[in-house]
Amino acid sequence: MKKVICSSLSVALATGLLIGCSGNTSGGGGAEGKVELTFSAWGNPAELKVYNRAVDAFNDMQDEIEVTLTGIPNDNYFQTLTTRLQGGQAPDIFYVGAEDISTLIENGTIEPLSDFLETEDSYVKADEFTDDIWGASRKDGTIYGLPVDCNPYLMYYNKTLLEEAGAKSPQEYYEEGNWNWEAFEEVTAKLRDYGKYGFVQEGGHPHLLNWIWTNGGEFATDDEVIGDTDPKVLEAFEFVHRMVEEGNFIFAGTLPEGQGMDAMFMSNQVGFVGAGRWLTPMFLETSIDFDYIPWPSNTENTLETANIATAYMAANSKSEHVEEAMKFISFYTSQEGQETRLDGEGNAVPSVTGIDEVVLNQEKPEHGQYLLDAREAGRVVSLEYTSPGLHRDLNDVYELMLLGDKTPEDALKEATEIAKAALEE
């Protein structure tokens, strides 16, 4: 999601060494009296280039504030960020994941944004965002983070690899109205028998929710955990568990060190990966012939609900320039800011209304419309993310199931017990 990175950062990105932001909690006064703000986010090198599009646009449009982006590696991003917040070395502005924002709200390290959004200095108003995008970033009616954009989950597939394996195209299944779990099992079995992996299954809560929701199940309502009483949830756990056992899926936690699902896909070792648009800029830099397909459904609906991943931009409460930080945040997430970042070869879908066309202004992949369709059908994780740290406890349970050390029944029982206890607290 950003733009053209300055030379020093480009060197770091090229070598994969995305080291954190420099300096203290605020940049203070810079050259020509400008307020200098530090901004940190996660992302692969291609994503950081997209992010910088909006940073440069903001820096060029006014003379009072200068923003500098520095990437923090995806691995242990939140741990790195919280360590810097505790040590007074955090950036003025930063991305925070939907699953972690409740922690920062609870410990008071990020500023409320609601009042600023109503001022003339804000480039965006709260009602410009889609209604269902806030998740845990809004507490008791107060907004603490603005949705950077959003990333509805769908699947990427390697067209050439599927053809070589003799598998039917998922697009054919979809057009027939038959893109379901049974079809996905057939295709991934073909890939397995061809000596490749069918799909990389990640272990986090949203990744299990994709199967629960596309099965018509519910782990939780807006105010209650019900996964242990909904048979469709157990059915989803059992399906994923069986697919890993039978070799159609490979659990991401068992991949060799340094071999993530993106690398597996780009090296033609796996036919499908599940993600939002964030992998697109990087995949476009390769020669792989790939496309999108919605998550397979196990209901009568051809297109079912899947997770919409989102990140929020927050202002460091200890920044010396909170107002300026809020101003940049409001630009970055505004219609103008999102259009600047996401038009053409962008890495996400807008979280504001009125600019959906930016997703379609791209030759490849062919079916960009599926991103918009998935956003309309999908939703964000809500209740589970209101309890700080709950997602990590759930991930630990799911990992044991995917490693074969816990049955689906036991995993679901433990996950719901943990979630109920955490949310009651």
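Strand β8 (residues 154-158) is joined to β11 by four bridges, and the two run antiparallel; strands are DSSP runs of E with at least two residues and helices runs of H or I with at least four residues, both numbered from the N terminus. Two strands count as paired if DSSP finds at least two bridges between them. The model is predicted: local features need pLDDT of at least 70, side-chain atom pairs count only at pLDDT 80 or more, and totals for chains, interfaces and linings use all residues. Residues are numbered from 1 along each chain as its sequence is written, and side-chain values use heavy atoms, with hydrogens and water left out.

- Tyr197 stands opposite Val270 of β11.
- Six of the six residues of β11 (residues 270-275) are buried, so the strand is largely enclosed by the rest of the structure; buried means under 20% relative accessible area, exposed over 50%, and partly exposed in between, with a 1.4 Å probe and protein chains only.

**The five-stranded sheet**

- An open sheet of five strands has the order β2-β1-β3-β14-β6, with mixed pairing.
- Its edge strands, each pairing on one side only, are β2 (65-71) and β6 (146-147).
- Strand β1 (residues 35-41) runs parallel to β2, and seven bridges join the two.
- Glu36 stands opposite Glu66 in β2.
- Strands of a sheet pair through backbone hydrogen bonds, either parallel or antiparallel.

**Two buried loop residues**

- Val380 lies in the loop between α16 (369-377) and α17 (390-402).
- With a relative accessibility of 11%, Val380 counts as buried.
- Beyond its neighbours within four places in sequence, Val380 is in contact (heavy atoms within 4.5 Å) with Asp132, Ile133, Gly135, Trp213, Asn307, Ile308 and Thr310.
- Val380 and Pro206 are separated by 174 residues in sequence, while their C-alpha atoms are 8.9 Å apart in space.
- Ser297 is placed in the loop between β12 (290-293) and β13 (308-309).
- Ser297 counts as buried, at 1% relative accessibility.
- Not counting residues up to four places away in sequence, Ser297 touches Trp179, Asn180, Trp181, Thr214, Thr302 and Glu304.
- One of these, Thr214, is 83 residues from Ser297 in sequence and 5.0 Å from it in space, C-alpha to C-alpha.

**Overall fold and surface**

- The protein has 18 helices and 14 strands.
- Its radius of gyration is 21 Å, close to the 22 Å that the globule rule gives for 425 residues, so the protein is as compact as a globular protein of that length; the radius is taken over C-alpha atoms, and the rule is 2.2 Å times the number of residues to the power 0.38.
- The C-alpha trace spans about 65 × 50 × 40 Å along its principal axes.
- Of the 425 residues, 57% are buried.
- Among contacts with a separation of 6 or more, 76% are between residues 24 or more positions apart.
- The protein exposes about 17,100 Å², of which carbon and sulfur atoms supply 44%; the area comes from the Shrake-Rupley method with a 1.4 Å probe.
- The mean positions of its 27 positive and 75 negative charges are 3 Å apart, where Lys and Arg count as positive and Asp and Glu as negative, without His and the chain ends, and each charge is placed at NZ of Lys, CZ of Arg, CG of Asp or CD of Glu.
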